[in-house]
Amino acid sequence: MSTETFAKPLTVRAAQVTEPGGRFSMVERELPEPQPGHVRLTVEACGVCRSDAAFVNAAFPDVPFPLVTGHEIAGRVEAAGDGVEGWDIGERVAVGWFGGNCGTCLACRQGDFIHCARMQVPGWAYPGGYAEAVVVPVSALARVPDELSAAEAAPMGCAGVTTFNSLRHSAAGPGDLVAVLGLGGLGHLGVQFANKLGFETVAVARGSDKAEAAKHFGAHHCIDSNAGDVAGQLQALGGAKVVLATAASSDAMSAAIDGLGNNGELIVLGATPEPIQVSPFQLISSSRTVHGHPSGTARDVEETLRFAALTGVRPLIETRPLDDVAVAYDRMMSGDARYRMVLTTGK
Ligand SMILES: [Zn+2]
Ligand SMILES: [Zn+2]
């Protein structure tokens, strides 16, 4: 009998896009071998994030084609390169937007790894999670608690950590009024985290039909942004310490700034190139700030997952097999996903 019989398959299936703006197609790719300091993961699940569209459409610089995108990865450690310590074969892990840091740039030397000048994002710096296997640096790994399935853990690597990490590092303390702008992939997690972090939580979403879902996720108040004065309604509740802007709408962000109380913060997560309109008058006397927040390191992802396990926060997901990537991507793009699309490999 030939040893070939027992040899591992040398290819993995992946969903790739061959040119900017192109459609996904399933292909066989060579099984990647982990270099020193890297591990190969069996991908069990990968979330579909709006940022994936920026890679597919080459809106970021130096996107490699053919492209395998995907940066909300959950799976198991399958093989380790030389020099990997502290991670076991078979261990359950997640990899999010933070896909590794250089260790030598100024930010890294300051211990500020999320601002690494050469930070790697899976599906940009190297092939991402729309595949049966990925190779990632060990600095990208977060442990997944038993309480979360792979499909539940995957969105925590980007949508989850971005909302949790920005809220826990915000000016808001227990009992403070926190408004979450938007009730989509990020927003439905933002509302849950805000509730579990002990904030008086306001969901701000378009349409009165969102109120029931927002309450289900833990909102104490709901504001229909189509019905008018969001800032006035936030002031009627006492003024927000934090407005967490998950919706990619600069107009909605601008309209919420006057809803901030003294020392209030508009935290910008929803990515759009349109300018936010704000006057110095709006900022000065109430000492308001407007600032952005990137996602979080691998350790932040791990702490997000641990907090979710502890408190019951979970993404509400629609799963599709990897082969249905185009359907999942279109549902994410159209805004029809309730609330996060997750691809599963059956592994
Ligand atoms: Zn993302
Ligand atoms: Zn660096």
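Predicted model: local features only at pLDDT ≥ 70, side-chain atom pairs only at ≥ 80, totals over all residues.
**Entry 1: the whole chain**

I began with the overall picture. The chain has 15 strands and eleven helices. I then looked up its radius of gyration, which is 21 Å; the globule rule gives 20 Å for 347 residues, so the chain is as compact as a globular protein of that length. Along the principal axes, I found that the C-alpha atoms fill a box of roughly 80 × 40 × 40 Å.

Next I turned to burial and contacts. Of the 347 residues, 53% are buried. I also looked at contacts between residues at least 6 apart in sequence, and 66% of these join residues at least 24 apart. The accessible surface comes to about 15100 Å², and carbon and sulfur atoms account for 51% of that.

Cys-49 and His-71 link distant parts of the chain and are 22 residues apart. I placed Cys-49 in the loop between strand E3 (38-48) and helix H1 (50-56), and His-71 in the loop between H1 and strand E4 (73-80). Both Cys-49 and His-71 are buried.

For reference, I noted that the ideal angle for four tetrahedral donors is 109.5 degrees.

Cys-105 and Cys-116, eleven residues apart, link distant parts of the chain. Cys-105 is in the loop between strand E5 (92-95) and helix H2 (106-109), whereas Cys-116 is in the loop between H2 and strand E6 (133-137). I checked burial here too: Cys-105 and Cys-116 are both buried.

**Entry 2: Thr-42**

Last, I picked a residue in strand E3, Thr-42. Is Thr-42 buried or exposed? Its relative accessibility is 8%, and because that is under 20%, Thr-42 counts as buried. Leaving aside residues up to four places away in sequence, I listed what Thr-42 touches: Ala-74, Gly-75, Arg-76, Glu-78, Glu-132 and Lys-347.

Notes
Residues numbered from 1 in each chain as written. Chains lettered and ligands numbered in written order. Heavy atoms only, no water. Helix = DSSP H or I, 4+ residues; strand = E, 2+ residues; numbered from the N terminus. Buried < 20%, exposed > 50% of the residue type's maximum accessible area, 1.4 Å probe, protein only. Contact = heavy atoms within 4.5 Å. Rg over C-alpha atoms; globule rule 2.2 N^0.38 Å. Areas by Shrake-Rupley, 256 points an atom, 1.4 Å probe, with all protein chains shown as cover.
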